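Please work through the exercises below with the sequence and the model side by side, and try each task before reading its solution.

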Amino acid sequence: MMTSMLQVLQFVALIAAFVALLELYLHVHFAHHDERWFLPASVTVVAGLAALLGRSLVLGVSAAIVEAAVALFFIHVVRGRHSLPFMLLAPGLLGLGLLIVYPLCFEVYLAFTDLKLTTILQWSRTGTLPFVGFKQFVKVFTSSPLSEVTFWRLVLRTVGWTVVNVGLHVAGGFVLALLLNRDIRGRGIYRTFLVIPWAMPQVVAVLALRGEFHSQFGFVNVMLARLGLAPVEWLTLHPFLTCTLINVWLGIPFMMVIILGGLQSISRHYYDAAAIDGASAFQQLRHITLPLLKPVLAPAVTLGCVWTFNNINVIYLVTGQAGGTEDADILVSALYKAAFTYYRYSYSAAFAIVISLILLGASLLWMRFSKGTESVYG
Amino acid sequence: MGRRLRDWATHLALWTACLICVYPLLRIIAVSLRPGDRIISTDLSLIPAGATAASYASVLGGTHFLLWLWNSLVVTCTTAFIGVCLASTAGYAFSRFKFPGSRLGLTLLLGTQMIPAAMLLLPLFLMIMKLGLTNTYLGVIIAYSVSSLPFSIWILKGYYDTIPRSLEEAALVDGTSRFGAFWRVVLPLSTPALAIAFLFNFTQAWNEYLVARVVLTDALRYTWTLGLFELQGQYLTQWGMFAAASLMVTVPVLLVFLYSSKWLISGLTLGGVKG
């Protein structure tokens with residue numbers, strides 16, 4: 001335990017040192033780009049360091065070429081402008097580049113090769129993989145990512161999952177927010193209790209609720225038995241319904257809080273004026289509340305859709321154990337299982353790219369659609 | 001006449017909703033208090049007959065629960081620290097400067113939130129494996145460290161936007177550098193936002209399960225989420241221990257959330273609206 005703590009501390013120190021070095025490098029490039037010694041000095045230092053650290057002449061030469069290009073860029077294009085914002089951004093950008101951009105590029109490479117459990121040894125020894133073209137992409141559409149469920153079934157189920165969940169989140173959140181927005185006693189206490197599903201650690205909530213759907217000892221079936229009804233095999237026969245129920249329970253509070261914030265920002269005067277004109281409660285809801293809520297609701301629904309589409313947690317925690325069912329899987333949870341239960345790495349990379357293209361297409365459509373409605377409401 | 005009836009109906013509806021929200025938590029408490037021979041039963045009472053704290057004792061003494069908590073704490077604190085450091089300067093750059101790519105950069109940051117977690121995890125896992133960092137704190141820390149960065153940058157940018165520029169200008173007149181104005185004036189004023197960003201990073205990493213599942217396979221390295229999954233098992237055999245452990249994790253998280261929710265929500269809306 002102590003050694004791993006030391007490792008962590010070393011790591012943090014290493015990052016700090018690296019950031020310092022990066023900032024020094026940038027500072028020199030921003031501040032001294034017009035000095036006469038700048039180009040030769042920077043190329044020499046970088047090439048020398050690369051050759052020394054890498055112990056190879058080739059590396060030194062290529063570093064010299066890259067550094068010459070960078071230095072010329074700083075001399076002729078950047079010319080010392082915007083130095084502070086870029087120096088402030090550099091560490092974060094580098095982190096994002098190393099841990100998001102590079103992995104995504106690697107994923108694309110992976111999708112065109114063949115990495116699976118049988119070729120992983122070769123990869124870790126030689127670092128190269130056979131190129132297989134679009135084979136993995138063809139497999140995404142023709143073979144099952146798990147053992148039975150097909151790609152198209154997963155697409156359909158994902159659409160259903162997203163629509164049903166977000167719909168119920170918004171509907172439930174809207175009703176609760178309307179109730180909480182009324183002038184009654186104890187609103188703060190109600191609100192506190194109502195956000196508990198959101199505040200609980202999701203792993204605890206999902207695992208506990210999964211226990212409650214246990215066929216014999218879970219609350220749901222015990223309750224059904226007391227009412228004289230037959231027990232339901234929730235986890236084995238209706239896993240999708242179970243996951244949906246759990247996820248609806250989890251997601252309503254977030255929407256409720258967002259919508260409540262929106263409701264509270266609507267001035268009373270609108271309703272007073274409408275009441276004087278004789279508008280019914282429904283008309284007030286339709287013509288005052290909903291249009292004025294739209295700026296709050298639209299981003300929340302967009303965010304909710306993306307989160308729900310990408311939600312692995314609930315489905316994996318409910319069905320993820322060995323021998324788990326495939327009847328609740330959506331695209332992303334199937335992707336997770338294909339990669340880390342079935343170890344089909346290259347296939348999963350292609351699958352991931354297809355999924356993200358679907359998500360991208362859907363969000364472009366959604367943006368056009370919401371632009372369209374915007375112009376209608378003007 | 002209608003008014004009182006309406007109020008009663010409202011209270012009734014809210015009471016029902018609260019009960020649905022709180023009941024699973026009450027059930028966890030009930031199960032955690034059950035005595036050893038009646039842990040698996042169809043009993044629904046909230047305080048079971050013969051209630052004991054035996055499950056708590058056995059989860060603390062008989063499992064690695066404390067070690068798992070410690071593992072989580074190390075990973076989470078390091079992650080949140082790195083995340084806030086990186087976000088604090090980046091957010092400032094986006095808030096105060098117009099530079100080529102500043103608008104595009106902010107949009108791309110939001111775009112990263114659309115990337116499915118499983119999609120990023122696969123190449124990250126392979127990188128971690130190749131570096132020999134599976135089953136180490138570092139592997140998880142690396143995987144976590146930038147995942148909340150885009151959102152933290154947005155929160156902090158939104159907060160910096162609300163700090164009047166005249167404060168920095170005054171500092172500049174007094175002779176500090178541009179960076180000095182950020183470091184000595186803006187950063188101290190932003191403590192609440194930094195705290196929220198830290199808390200956000202912290203809770204994200206603290207409650208994370210899927211990455212840890214892949215990177216950590218040794219039970220001595222587990223974070224508490226993995227340990228809890230193990231405890232629940234498939235057939236509820238350790239239901240009492242699971243419930244006790246759940247409750248011990250949940251209570252502090254709940255308190256922190258309830259305490260900070262006002263801040264967190266204002267941070268959410270600030271970041272969202274000010275775009």
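The model is predicted, and local features need pLDDT of at least 70, side-chain atom pairs count only at pLDDT 80 or more, while totals for chains, interfaces and linings use all residues. Residues are numbered from 1 along each chain as its sequence is written, and chains are lettered from A and ligands numbered from 1 in the order in which they are written.

**Exercise 1.** Find how many residues of chain A are in contact with chain B, and which helix of chain A gives the most to that side.

*Solution.* Start from the rule that two residues are in contact if their C-beta atoms, placed from the backbone, lie within 7 Å. By this rule, 73 residues of chain A are in contact with 76 residues of chain B. Helix 4 of chain A, residues 83-111, gives the most to the side of chain A that touches chain B, with 15 residues; helices here are DSSP runs (H or I, at least four residues), numbered from the N terminus. Sorted by class, that side of chain A has 53 nonpolar, 17 polar and 3 charged residues, where Ala, Val, Leu, Ile, Met, Phe, Trp, Tyr, Cys and Pro count as nonpolar, Asp, Glu, Lys and Arg as charged, and the others, Gly among them, as polar.

**Exercise 2.** Describe how helix 4 of chain A packs with helix 3 of chain B.

*Solution.* First take the geometry: helix 4 of chain A and helix 3 of chain B (residues 65-96) pack at an angle of about 135°, with their axes 8 Å apart; axes are lines fitted to C-alpha atoms, for helices over the stretch in contact, and angles run from 0 to 180 degrees between N-to-C directions. The angle therefore makes helix 4 of chain A oblique to helix 3 of chain B, since angles under 35 degrees count as roughly parallel, over 145 as roughly antiparallel, 65 to 115 as roughly perpendicular and the rest as oblique. Next come the residues, which include Pro85(A) and Leu88(A) of helix 4 of chain A and Leu86(B) and Tyr92(B) of helix 3 of chain B. By class, this contact has 9 nonpolar, 3 polar and no charged residues.

**Exercise 3.** Is Tyr56(B) buried, exposed or partly exposed?

*Solution.* Locate Tyr56(B) in helix 2 of chain B, residues 54-62. Tyr56(B) has 19 C-beta neighbours inside 10 Å and therefore counts as partly exposed (buried means 20 or more other C-beta atoms within 10 Å, exposed 12 or fewer, and partly exposed in between). Not counting residues up to four places away in sequence, Tyr56(B) touches Ser32(B) and Ala244(B).

Notes: Helix = DSSP H or I, 4+ residues; strand = E, 2+ residues; numbered from the N terminus.
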